[in-house]
Protein chains: 2
Amino acid sequence: MATPAGAPSNELSASLATEPETSAQRARRARIIQATLALASRGGYEAVQMREVAERSEVALGTLYRYFPSKVHLLVSAMAHELERMRLRLQRKAIPGETRQERVSYVLERSTHSLQRDPNLTEALVRAMMAADATVAEEVTGVRNQMADLIIQAMRNGRPATAEDVAYAGILQDVWFARQIAWLGGRVSSEEIWDDIEQAIALVLRD
Amino acid sequence: MATPAGAPSNELSASLATEPETSAQRARRARIIQATLALASRGGYEAVQMREVAERSEVALGTLYRYFPSKVHLLVSAMAHELERMRLRLQRKAIPGETRQERVSYVLERSTHSLQRDPNLTEALVRAMMAADATVAEEVTGVRNQMADLIIQAMRNGRPATAEDVAYAGILQDVWFARQIAWLGGRVSSEEIWDDIEQAIALVLRD
DNA sequence: GCGGATACTAGAACACGTTCTCATCCCGAG
DNA sequence: CTCGGGATGAGAACGTGTTCTAGTATCCGC
C-alpha cells in the first residue's frame with residue numbers, strides 16, 4: 001500500500017519502506033507517474049482520467065489500481081515526486097537571506113512560482129491533497145513532511161529545529177495550502193496569494 | 001444562480017441579491033437544504049446523493065439541479081445556512097473574554113465544537129468547501145465572509161475593524177479550514193486540531 | 001378565463017471512478 | 001526445465017454526479 005516517493009531529507013520525512021520491486025515494476029510505476037504529470041499539466045484534475053493514465057503508461061486499468069488504489073493516491077504520489085525534485089533542486093545551493101523570514105519567503109516563493117508556472121498541474125495536485133480522506137493519510141503525511149522539511153530547513157538554516165519551529169512550519173503550510181485553494185477556487189489572483197503568504201510569514205515569524 | 005443564505009451581519013458579508021421566489025419555491029429550497037443536512041448528518045459527503053436528496057425533498061432531479069447546479073453548490077449553500085444559524089445564536093449575548101485572543105478562542109471553539117458534535121455533517125460541509133472550483137466562487141466567498149464576520153466581531157468586540165484585522169481573520173480562517181481537512185484526512189484527532197487552532201490564535205493575535 | 005412562457009416531473013442516458021472476471025504471462029522454488 | 005502462484009492484460013460491469021428529453025403543471029399578462 002505504501003507508495004515510496006523518494007529519499008527522505010531528514011528526521012521528519014517518514015521513510016516509507018519500499019517493498020522490493022522488479023525493474024519492470026519500477027518502470028511501470030515511473031511511466032504511470034509521468035503519464036499522470038503530463039495529463040495533469042495539460043488539463044488539471046479532471047484531465048487525469050484513470051483510463052487515459054492507464055493507456056498512456058501502457059498498463060491495464062486493473063494494474064494501475066494495483067499500484068495506486070485511487071486517483072487521489074495517484075495524484076498525491078505525483079505531488080511527492082514533484083516536491084522531491086524541488087527539494088533536490090533547492091539543496092544544490094545555500095538558501096539566501098539574512099533572517100529566517102527572508103529565507104522562508106525565498107523557499108516558499110520559489111516553490112509557489114515553480115508550481116504556478118504550471119497552473120493546471122498545481123490545480124490537480126492541490127485538489128488531490130484536499131480531497132484526500134483517511135485512506136490516503138500515509139501519502140499525505142509524506143507530502144506534508146516534505147514541505148515542512150523545506151520550510152524548517154529555511155528557518156533554521158542548518159541549526160537544529162525546535163518543537164516551536166515545527167509548529168510554525170505547520171501553520172505556514174496550512175496557510176499556503178488554503179491560499180492555493182482560494183486561488184484555484186477563482187477567488188483571488190496569484191499575486192494576491194503571494195501577498196497573503198508573505199504576510200503570514202511575517203506574522204508568524206516576527207521576532 | 002445566487003443562493004441567498006441569510007441576512008448579512010456587517011459590511012463584509014456580500015448580500016447576495018435574492019431574485020423573487022414564490023412561496024412554493026422558497027419551500028422547495030428549504031426542503032432541499034433540510035434533506036441535504038439530514039443526509040450529510042447521517043453519512044457525510046458520500047451519503048449526500050443527488051437522487052436521494054431529490055427524492056427526500058420531493059423534487060425531481062432536474063429541479064434539484066435547477067436550484068443548485070452541483071452537489072458542491074448544494075453543500076456550500078447548506079454550510080452558509082448552518083453558519084447563519086450559528087451567527088444568530090452567538091449574537092444573542094455578548095462574547096465573553098477580556099482580550100481579543102480570549103474572545104476569538106471562544107467563538108472559534110464554540111463554532112468548532114458545535115460543528116464537530118456532528119462529525120459527518122462537518123465532513124460533508126468542509127469537504128465541499130475544499131472541492132469548490134471557480135463556478136462556486138460566489139457561494140464560497142459568502143461562507144468565508146460569514147466566518148470572517150464571526151472572527152472580526154470577536155476581535156473587535158464592537159469597535160470598527162481595520163484592514164489588519166481582516167487579514168488576521170483570513171489567516172485564522174485558513175488555519176481553521178486546513179486543520180479541519182487534516183482531521184477528516186484522519187491525520188490528527190479533534191483534540192489536536194483544537195490545540196493547533198489555539199496556538200495559531202495566540203501566535204497571530206499576540207500583542 | 002386564455003394563451004404562451006416558464007417551471008416541474010419522470011425517467012432515460014452519459015461520463016468517469018472503481019470493481020470484477022477470466023485468460024495469459026512471468027518469476028522463483030524445486 | 002517444470003510447475004504453481006502471483007502479476008498483468010483486456011474488457012465488461014456498476015455506482016453516482018450530471019445532462020437531456022418529452023410531457024405536464026403553474027404562473028402571469030391580457
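I looked up the second largest cavity of this predicted model and noted about 70 Å³ of space in it. A cavity here is a set of points on a 1 Å grid over the protein atoms alone where a 1.4 Å probe fits but cannot get out. Grid points are joined across faces, edges and corners, and a volume is the space filled by probe spheres set on the points.

For its lining I listed Met129(A), Met130(A), Val140(A), Arg144(A), Asp174(A), Phe177(A), Ala178(B), Ile181(B) and Arg187(B); a lining residue has an atom within 4 Å of a point. Helices are DSSP runs (H or I, at least four residues), numbered from the N terminus. By class I wrote down six nonpolar, no polar and three charged residues for this lining. Ala, Val, Leu, Ile, Met, Phe, Trp, Tyr, Cys and Pro count as nonpolar, Asp, Glu, Lys and Arg as charged, and the others, Gly among them, as polar.

Conventions, for the record. Residues are numbered from 1 along each chain as its sequence is written, and chains are lettered from A and ligands numbered from 1 in the order in which they are written. Local features need pLDDT of at least 70, side-chain atom pairs count only at pLDDT 80 or more, and totals for chains, interfaces and linings use all residues, while side-chain values use heavy atoms, with hydrogens and water left out.

Next I checked the largest cavity, which holds about 80 Å³; the structure has four cavities of 30 Å³ or more. Among its lining residues I found Arg179(A), Arg187(A), Arg144(B), Asp174(B) and Phe177(B). α8(A) contributes the largest share of that lining, four residues. I counted no polar residues there, but seven nonpolar and four charged ones.

Two of those lining residues, Arg179(A) and Asp174(B), I then followed to a salt bridge between their side chains, 2.9 Å from N to O. The rule asks for a side-chain nitrogen of Lys or Arg within 4 Å of a carboxyl oxygen of Asp or Glu, and it finds two such bridges across the interface of chain B and chain A.

I turned to the interface as a whole. There, 27 residues of chain B are in contact (heavy atoms within 4.5 Å) with 27 residues of chain A. The buried area is about 2,300 Å², with 56% from carbon and sulfur atoms; this is the accessible area (1.4 Å probe) that two parts lose on being put together, summed over both.

Last, I opened the pockets. A pocket is an open set of grid points with protein on both sides within 12 Å along at least five of seven lines. The largest has about 450 Å³ of space and 20 lining residues, with Arg179(A), Asp196(A), Arg144(B), Val166(B) and Gly170(B) nearest its centre. I noted α8(B) as the source of the largest share of this lining, seven residues.

For the second largest pocket I read about 360 Å³. Its 18 lining residues include Tyr45(A), Arg127(A), Val72(B), Ala131(B) and Ala132(B), which lie nearest its centre. α6(A) gives the most to that lining, with four residues.

Notes: Helices (H or I, at least four residues) and strands (E, at least two) are DSSP runs, numbered from the N terminus.
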